[in-house]
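Hi,

Here is the structure I promised to pass on.

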Amino acid sequence: MTMTDPMLRVLLIEDDEDDYLITEDLLAEASPGKTRLTWHNCLDDGLAALHRESFDVALVDLRLGPDSGLDLIQQAKNEGITTPFILLTGQGDEELDARAVELGAADYLVKGRIDGHALLRSIRYAIDRAVATEDLASSEAQYRLLFENNPTPMCLAAPGSGRMNAMNEAARTLYGVVLEEVAGLNIADLADKSLTGAPDGDGTVLQAGAGLECHRTRDGRKLIVEVASQNITIGHHELALFTLTDKTAQIENTRQLKLLQRCIETSSNGMVVADARAADMPLVYVNPTFERITGYTAAEVLGRNCRFLQGDPPDDSNMQALETIHRGLADGEEVSVMLRNYRKDGTPFWNDLYLSPIRNERNEITHYVGVQNDISERKSIEHQLAYNSSHDVLTQLPNRTLLEDRLTQACQFARRYNRHVGVLFIDLDGFKLINDSLGHRIGDQILIEVARRLKELVRSGDTVARVSGDEFVVALSGLTHGSDAQLVVEQVMSTLANPYRIGDVTLHLTASIGMTETDGNISSSAELIQQADLAMYQAKQLGRNTWQWFEEAMNSQASYRVKLRNQLQDAIDNHALTLYYQPMIDSRTGQARSVEALVRWEHPELGLVSPADFVPLAEETGQIIALGEWVLDQACRDMVKLHAAGFRDCSVGVNISPVQIRKTDFLATVKRALGESGLPAQALDLEMVESAVINDTSQVVDTLHKLRELGVQISIDDFGTGFSSLTYIKQMPANRIKIDNSFIKEVIKNRSDAAITRGVISMAHHLSLEVVAEGVETEAQANFLRRNQCDLLQGYAFSRPMPFEQLTEYMNLHGHRGAGGSDNAEEEQKTVLLLDDEVNIIKALTRTLRRDGYRILSSTNISEAFTLLAENEVQVIISDQRMPEMSGTEFLSQVKAIHPHTVRIVLSGYTDLKSVTEAINQGAIYKFLTKPWDEKQLREHIRQAFKYHANMQPQA
Ligand SMILES: Nc1nc2c(ncn2[C@@H]2O[C@@H]3COP(=O)(O)O[C@H]4[C@@H](O)[C@H](n5cnc6c(=O)[nH]c(N)nc65)O[C@@H]4COP(=O)(O)O[C@H]3[C@H]2O)c(=O)[nH]1
């Protein structure tokens, strides 16, 4: 009923006309003029009228001829007619009443028992109910629309059983469920049944009361879903409403981000990010490695431009690198530069910096990322190697190369300022005897002392050099007269004649000295040295302990050299040279897998002449070409024989002089030697000093590449004595480097030699080069080298050079020596080294610690302790503090440099606070324990020390 139409439109479907008339009267009486009654007397007409016209209410008689009013109501409902019905009947019947209500009839009236007002009231009630029902249906439809179209996946399920009641479209799409399936589903069917427990949300924030669950789509895809549930009531039904938010992608992204972050944070390179769009490009991120390298904390540097690393005032040596950076920034390109930067404490470090722009999706540069690599250690090793190339390692004096340089400068100065240069060639008399009888250690001490005395004697512009074993040269520059050198030589003679006290030994030495002088007009500094050398030879001839000026006539004595040269030529022509071989031992297997060919000359008068004497002569005269060719041919032939004897993997190292490699037909010579002998190219290893390549043309490098293409191996010989730039060596097609024996000599006790050797091995391995240690004389050296992964060992500790016949025997006897095997068992065993000069303390400590099953090594002196450390895998060291040679803390500081992975403990009855704190600050000491000790506590400390050692080891 609408407000604009106050007339009630009533349809009566009734087969009895009388009843129609009665109804009409009742309505007219109750509401005169306010109702309009339409009458139809059968079911079909009634239904047709309901379809055709609009009525506010329909009164339906129960009996419609053959039909029932209930059927009509039923049919009308089925056909979508929403008009409210009131059922009329002749008599009251409860069952009928119930059935009518069940079908949706608004009321049930018994004819004859109602008056007009009751009828009207019933009609109005039916209309009101219909309006209310329609409103409810419309609001239900709205809620359904909200649920169904909600973008959040949701479903409704029975709270107890979990039977699915409804799933909205978003949820069906997420899980791949079709509408028809929903009714057969249970909420539990969404879960991934293969997993138990809640998934790791990687810190994802969830709504209050929600949880994360692993679910699976119908086609098996895994989902991580945030599930929130809430109990609601719909039409008297208790239901659980689940909202299901898919977090899979978000969690995966978080994981990826965290992984990236962890990579950056744990990177061994320092990393910084600068904001390219903010003024002065401030740092917005630095990783922990940056903090470790520079000593600055993130808080101290964020917001600042990273130029503070260049020092204050900025280091000028960075100019070129900074220009490259500025150019890179201007062009928006990545750059790689080497900078000298400064840590917070002011110490410099070498920063190998790679700078790269980061662009956004619009290709604009938003940030710069800088990757830093602290290469100070490499630089310092290279620096030290470079120093060694111009200095004698033992005495730290300039060597022959630097001497020649200084002499050339002194001659230039003399020419310009009308001055003179004097040269003293000093040879110690009888030094070889001292070396042979008292040993190298004493010999070395004397050489160091001689160097010290000579340096003290000369002026600052003069040069004292060591040119070979016991030969020194003093270059005196800026002399007014050449004869002034005479004053110096007298002082040298008397200074050197003073006694030498080495330990308990007192020695007396004399020297033979040759002298020469020049006004600077001389063709080469080498000639000047040679003149002084000839004069020294003369002084020796005169009975030693004297000095001689060089005279022109002495040059004739140089005819000795001419004679030697002729004899060498004869030896080459008549095959009077011979080859010796020295094995190189594989440090892992203990087997010889390579040999070095070393030439020998059996001189008719002089006996066996060392190649160190005649090879330089042959190089000077050019005879090295013929000599070298003979060596190459012979070595290839011998090696074929060795292969035939069963040692097929053995290669032969042949020394190649720089003079040889520079010859354009060198490649052809090698090919011929291989072809004629039948030796596989892989079995030939050409050993050459790095200067042969570094100082030379690209033609030499080209030849080396061609040799490598053939399969021939290339070794860099005497590594460490030349230019020794590892960066440069990277460019060379070498397979191996041979560390010069001067480093190996002291490797187990000299921290600098140990560091260089270790550094060279590690860096060579990074460049995929094999490393050979030359001059290995003791088992201690060999063990140190093995433990530091040196690949091959060569030296008297294994074998001296020998003729070919002996080599075959050697290979048969020692070819299967398994030196590497025994070490492993040793390595696994916990070993402690005890050092104390009191035997009783060592005994007591041994008693205490033996109970814990450690392997116990002990020593009462430092030198022996170093040897034990070199020969054994020791994890924990306990040292006394007060010892005659040096303090325990000093000893442990040195041990730290050579064996950094040991755990070092001082056990002392006495405390020198300064040295102890220093050693602790340097990280040299793990613990400082005092005597007398509590047995239980000491054992616990040692147990902890081994645990600490185990934790320090890199995890496999
Ligand atoms: N103190 C000590 N020395 C050890 C030890 N083990 C080996 N040696 C010696 O060290 C030298 C190693 O050879 P190199 O460095 O190539 O040094 C060689 C190499 O540069 C040159 N040489 C030798 N044979 C030839 C050759 O056929 N051609 C050329 N161009 N040079 C050669 O002469 C140098 C000296 O040769 P050698 O006198 O045979 O001396 C050899 C060898 O006998 C050890 O444990 N302690």
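Let me start with a question: does Asp718 count as buried, exposed or partly exposed? With 19 C-beta neighbours inside 10 Å, Asp718 counts as partly exposed. The cut-offs are these: a residue is buried if 20 or more other C-beta atoms lie within 10 Å of its own, exposed if 12 or fewer, and partly exposed in between, with C-beta atoms placed from the backbone.

Two bits of housekeeping. Numbering runs from 1 along each chain as its sequence is written. This is a predicted model, and local features need pLDDT of at least 70, side-chain atom pairs count only at pLDDT 80 or more, while totals for chains, interfaces and linings use all residues.

The overall picture

The protein chain has 36 helices and 39 strands; helices (H or I, at least four residues) and strands (E, at least two) are DSSP runs, numbered from the N terminus. Of its 956 residues, 34% are buried. Among contacts with a separation of 6 or more, 59% link residues 24 or more positions apart. Contact here means that two C-beta atoms, placed from the backbone, lie within 7 Å.

Helix 20 covers residues 611-621, and Phe614, Val615 and Ala618 are buried in it. They span an arc of only 105° around the axis, so they sit on the same side of helix 20; that arc is taken over the directions from the helix axis to the C-beta atoms. An α-helix has 3.6 residues a turn, so residues three or four places apart point the same way. Turned away from the buried side is a face with the exposed residues Ala612, Asp613 and Pro616. Just after helix 20 comes Gly622, with a positive phi of about 90°.

Now the ligand: 23 residues surround it, and the closest are Val599, Pro611, Asn655, Gly795 and Tyr796. To be in this shell, a residue needs its C-beta atom, placed from the backbone, within 6 Å of the molecule. Which element gives the largest share of the shell? That is helix 20, with 3 residues. At least two residues each come from strand 26 (592-603), helix 20, helix 21 (624-644) and strand 30 (713-719). By type, the shell has 9 nonpolar, 9 polar and 5 charged residues.

The cores

The largest nonpolar core has 108 residues, and Ala635, Val654, Leu793, Leu833 and Ile877 have the most contacts inside it. A nonpolar core is a set of buried Ala, Val, Leu, Ile, Met, Phe, Trp, Tyr and Cys residues joined through C-beta atoms within 7 Å. Helix 21 supplies the largest share of this core, 8 residues. Domain 5 (562-816) and domain 6 (829-952) both give residues to this core, so it lies between them; the domain bounds come from an automatic or database domain assignment. Apart from this core lies another, of 43 residues, including Ile434, Val450, Val473 and Ala511. Back to Leu793: leaving out residues up to four places away in sequence, Leu793 touches Met584, Ile585, Ser587, Ala773, Val776, Ala782, Leu785 and Phe798.

Most residues other than glycine have a negative phi, and most peptide bonds are trans. Asp718, in strand 30, has a positive phi of about 50° although it is not a glycine. Asn363 is not a glycine either, and has a positive phi of about 65°. Asn363 lies in the loop between strand 16 (348-359) and strand 17 (365-374) and is exposed, with 7 other C-beta atoms within 10 Å. Which peptide bond is cis? The one from Asp312 to Pro313, with omega near 0°. Pro313 lies in the loop between helix 10 (298-301) and helix 11 (319-331).

One more spot

Ala645 lies in the loop between helix 21 and strand 28 (651-655). With 13 C-beta neighbours inside 10 Å, Ala645 counts as partly exposed. Ala645 and Thr808 are 163 residues apart in sequence and 7.7 Å apart in space, C-alpha to C-alpha.

Cheers

Terms used:
Ala, Val, Leu, Ile, Met, Phe, Trp, Tyr, Cys and Pro count as nonpolar, Asp, Glu, Lys and Arg as charged, and the others, Gly among them, as polar.
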